[in-house]
Structures are given as structure tokens and as C-alpha cells.
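Trainee: I have a structure open and would like to learn how to read it. Please take me through it feature by feature.

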Amino acid sequence: MVRARRTDIPQTSLSRSFHRPEATLVDAWAADMGTALAMVIGVGQGARLGACQAATCSLVFFDTTRNASRRFCDLSCQNRAKASAYRARRRT
Ligand SMILES: [Zn+2]
């Protein structure tokens, strides 16, 4: 079992954790991610949470674009989807 110890994680003035110091790495990560999601939703930014629209990708992301129009998790998924759409148009 892997445990995250307080000494393993660099503590800076900006570091925040929302888990017990003796929590396992998985529990600590899950607690921090759950807290982060709650904070995003709590400040009214839940609409900026999105799921990648690429057919073979299941990643989720926080949309930081100005007009909240992001559709893909990163450029590689976007490029694959656009190339696939282009090939599909060329076939017809
Ligand atoms: Zn993706």
C-alpha cells in the first residue's frame, strides 16, 4: 500500500490539501479532486466542466477558454476528430 506522507509533498504557502495527513495517496487524491469539483461548482463555474467529444476519449476537463466553447481535452483529440470528419466528408 502506498501512503502519501506530509514530508513527501512539497508544502509551499500555496499548498492546500483537504485530506487527513495519514490518508493513502488514492484517498488523498480523491479527497482533493472532490473538493476541487465542489469548489468549481460552488463558485458557479460548473458549466465549464466538460467531457471530451472525441469518439475514443473519456477524459474530462475544465474549460478555460474565454467563450466556454472547448470541445476536446487537448489538441491531439481535436486533431484526430477533425481529420476523421474530413476523411468522412471526402468519402461521400
Ligand atoms: Zn480527449
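Trainee: How many helices and strands are in the protein chain?

Mentor: Helices (H or I, at least four residues) and strands (E, at least two) are DSSP runs, numbered from the N terminus. The protein chain here has two helices and two strands. Along the sequence, the pattern reads α-β-β-α.

Trainee: What sort of model is this, and how are residues numbered?

Mentor: This is a predicted model: local features need pLDDT of at least 70, side-chain atom pairs count only at pLDDT 80 or more, and totals for chains, interfaces and linings use all residues. Residues are numbered from 1 along each chain as its sequence is written.

Trainee: What does pLDDT say about the protein chain?

Mentor: pLDDT is the predictor's confidence in each residue, from 0 to 100. The protein chain averages 87, and 84% of the residues score at least 70. Confidence is lowest in helix 1 (residues 25-42), with a mean of 93, and highest in strand 1 (residues 49-51), at 95.

Trainee: Why does the length of helix 1 agree with what we expect?

Mentor: The expected span of a helix is 1.5 Å times one less than its number of residues. Helix 1 has 18 residues, so it should span 26 Å; its end C-alpha atoms are 25 Å apart, which agrees. For helix 2, the 17 residues should span 24 Å, and the end C-alpha atoms are 24 Å apart.

Trainee: What comes just after helix 1?

Mentor: Look at Gly-44. This residue takes a positive phi of about 80 degrees.

Trainee: Which residue has a positive phi although it is not a glycine?

Mentor: Ala-68 does, with a phi of about 50 degrees. Ala-68 sits in the loop between strand 2 (60-62) and helix 2 (75-91).

Trainee: Is Ala-68 buried or exposed?

Mentor: Count C-beta atoms, placed from the backbone. A residue is buried if 20 or more others lie within 10 Å of its own, exposed if 12 or fewer, and partly exposed in between. Ala-68 counts as exposed because it has 11 C-beta neighbours inside 10 Å.

Trainee: How much of the protein chain counts as buried?

Mentor: Of its 92 residues, 2% do. Take Lys-82, which is found in helix 2. Lys-82 has 12 other C-beta atoms within 10 Å, so it is exposed. Lys-82 and Ala-54 are 28 residues apart in sequence, and their C-alpha atoms are 9.4 Å apart in space.

Trainee: Which residues is Val-60 in contact with, leaving aside its neighbours within four places in sequence?

Mentor: Two residues are in contact if their C-beta atoms, placed from the backbone, lie within 7 Å. Val-60 belongs to strand 2. Neighbours within four places aside, Val-60 contacts Leu-49, Gly-50 and Ala-51. Val-60 and Leu-49 are eleven residues apart in sequence, with 7.2 Å from C-alpha to C-alpha. Val-60 counts as exposed because it has 11 C-beta neighbours inside 10 Å.

Trainee: What share of contacts links residues 24 or more positions apart?

Mentor: Such pairs account for 9% of the contacts in the protein chain with a separation of 6 or more.
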